[in-house]
Amino acid sequence: MKKSNEQKAAVRTSPRKQLPAKPLTRKLSRRKPKPQAQRSADTRNRLIDAAIACLARVGYSATTVTLVAEEAEVSRGAMTHQYPAKNDLMLAVVEAVYERDGEHYRRTVAEKSPMRWIQDLPATMWDVISQPSGIAVIEIMLASRSDRDLADKLRSVQRNIDMTAHQWIVERLENAGLRDRPDGEAVHRLFVAAIRGLSLEGLFRRDRAGVEKSVAVLGEILGLLYPATAVRSSS
């Protein structure tokens, strides 16, 4: 049945049915929050980096927990949650520096032949220990003279570090076709102590070129202790 003209006109003039407006949905880029363990690890790394910077810049005595917290932009409460005492943080610094230095040494191993790596070892040690992180460790070692608790704990940590580091050096010697000396641990300790002393000398004299000449002498001494390195380096 056809609609009348009046009905058609009514349809044309009647208001349209109002449909509900579609909500405007905006896609927000929400970052997934880090797990608690990751946040704690990030805080520890920030505190260790800040402690290293403070120790290298102002020395152990002036490196207070307040200064480190400010440097790291971390609250005192968050800091004491991770490291209840200054000594806890200092020991964490020593262990972290050892791990980071190990990464540097491993990178140099990948870049050189085994023999060349041994020949360049004194210079590589200087590159590592003369950095702010190396100075920070020296500051902690010196401070342990007047802090028995720190000294006892630091000796234990350092003993484990020395044993692991020397065994790793022995592996590098074997890769170069060399055998460790019977007094190899003493040789290792001598070179570490010499480089640390030269680092302090460099801070005092501010004569990097002069210190690097002494590092080169250590390379010659290494050739005397392990003659194969001297023979091959001159060929």
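1. How much space lies in the second largest pocket? About 210 Å³, in what is, please keep in mind, a predicted model. Its lining brings together I138, M141, L142, S144, R145, A151, L154, R155, Q158, R196, G197 and L200. The elements giving two or more residues to that lining are α8, α9 and α10, and the largest share, 4 residues, comes from α9. By class, you will find 6 nonpolar, 3 polar and 3 charged residues there.

2. On to the largest pocket, which holds about 840 Å³ of space. It is lined by 32 residues, and I161, D162, A165, H188 and V192 are the closest to its centre. At least two lining residues come from each of α5 (86-111), α7, α8 (132-143), α9 and α10. Here α9 gives the most, with 11 residues. The classes split into 17 nonpolar, 6 polar and 9 charged residues.

3. Of the 14 residues around it, L121, I169, V187, H188 and L222 lie nearest the centre. The lining has 10 nonpolar residues, along with 3 polar and 1 charged.

4. As for the helices around that cavity, α7 (121-129), α9 (148-175) and α10 (184-205) each supply at least two lining residues. The largest share, 4 residues, is from α10.

Note on methods: Residues numbered from 1 in each chain as written. Predicted model: local features only at pLDDT ≥ 70, side-chain atom pairs only at ≥ 80, totals over all residues. Heavy atoms only, no water. 1 Å grid on protein atoms, 1.4 Å probe; cavity = no way out; pocket = protein on both sides within 12 Å on 5 of 7 lines; lining within 4 Å. Nonpolar A, V, L, I, M, F, W, Y, C, P; charged D, E, K, R; others polar. Points joined across faces, edges and corners; volume = space filled by probe spheres on them.
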